[in-house]
Amino acid sequence: MIGIAVYFALGAACGMGIGSAGLLVTYLVIAKGMSQSDARLVNLIFFICSGLAAATVHLRRRKVDKALFLRLMIPAVSGGALGALCGKYIPSSALRPAFGILLIIAGADSLLKLIAQTLSRLRAKRGKDSPEE
């Protein structure tokens with residue numbers, strides 16, 4: 001039952017544009033005891049399904065520049081295929097620390113963006129609250 005709740009939350013996060021791939025792989029490896037290579041495979045399947053669903057919704061709502069979508073789709077699919085092929089030949093013992101470093105960098109980047117955004121809002125609010133001369 002907990003697994004279903006986790007998968008639902010990750011699907012919702014993915015639908016909102018929050019990068020949930022790292023969370024899914026981490027959950028599968030730590031909580032479910034899955035090997036990292038199997039967790040990556042499940043993550044790719046999850047990403048393909050959720051990405052296709054999100055793309056379909058956005059395309060139907062006409063919120064996507066179709067020409068840009070088509071131009072970006074080719075390198076994205078090619079890069080994904082190349083990454084999958086490379087992942088077959090790279091041992092999990094090398095991927096585990098690399099994935100951890102990637103998560104740390106992504107988390108730090110998100111934290112720094114949140115801090116910058118908060119400071120910007122505070123400055124804007126302070127500017128509105130100050131008396132005019």
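## Gly80 and helix α4

Gly80 lies in helix α4, which covers residues 66-89; helices here are DSSP runs of H or I with at least four residues, strands are runs of E with at least two, and both are numbered from the N terminus. With a relative accessible area of 41%, Gly80 is partly exposed, where buried means under 20% relative accessible area, exposed means over 50%, and partly exposed lies in between, using a 1.4 Å probe and protein chains only. Although Gly80 and Leu44 are 36 residues apart along the chain, their C-alpha atoms are separated by 9.0 Å.

The model is predicted, and local features need pLDDT of at least 70, side-chain atom pairs count only at pLDDT 80 or more, and totals for chains, interfaces and linings use all residues. Residues are numbered from 1 along each chain as its sequence is written, and side-chain values use heavy atoms, with hydrogens and water left out.

## The chain as a whole

The chain contains five helices and zero strands, and its elements run α-α-α-α-α from the N terminus on. Of the 133 residues in the chain, 14% are buried. The chain exposes about 10,400 Å², and carbon and sulfur atoms supply 70% of this area; accessible areas come from the Shrake-Rupley method with a 1.4 Å probe, and for residues only the protein chains shown count as cover.

Among the contacts with a separation of 6 or more, 45% are between residues 24 or more positions apart, where contact means heavy atoms within 4.5 Å.

## Helix α3

Helix α3 has 25 residues, 36-60, and at 1.5 Å a residue it should span 36 Å, which agrees with the 35 Å between its end C-alpha atoms; the expected span is 1.5 Å times one less than the number of residues. The buried residues of α3 are Gln36, Ala39, Asn43, Ser50 and Ala55. After the helix comes Arg62, whose phi is positive, near 60 degrees.

Asn43, which is placed in helix α3, has a relative accessible area of 11% and is therefore buried. Asn43 and Leu28 are 15 residues apart in sequence, and their C-alpha atoms are 9.2 Å apart in space.

In soluble globular proteins, nonpolar side chains tend to be buried together. The largest nonpolar core in this model has seven residues, namely Leu10, Leu24, Val25, Tyr27, Leu28, Val29 and Ala39, and helix α2, residues 21-30, gives the most to this core, with five residues. A nonpolar core is a set of buried Ala, Val, Leu, Ile, Met, Phe, Trp, Tyr and Cys residues joined through side-chain atoms within 4.5 Å.

If residues up to four places away in sequence are not counted, Val29 touches Met34, Ser35, Gln36, Ala39 and Arg96.

The structure holds one salt bridge, in which the side chains of Lys113 and Asp109 meet at 3.3 Å, N to O; the term stands for a side-chain nitrogen of Lys or Arg within 4 Å of a carboxyl oxygen of Asp or Glu. Lys113 and Asp109 are separated by about one helical turn because they are four residues apart in helix α5. Lys113 counts as exposed at 54% relative accessibility, whereas Asp109 counts as partly exposed at 37%.

Leu111, Leu112, Leu114, Ile115, Leu119 and Leu122 form a nonpolar patch on the surface, with about 560 Å² of accessible area together. Patches are made of residues with over 30% relative accessible area and no salt bridge, with like charges joined within 9 Å and nonpolar side chains (Val, Leu, Ile, Met, Phe, Trp, Tyr) within 5 Å. Leu114 is placed in helix α5, residues 92-129.
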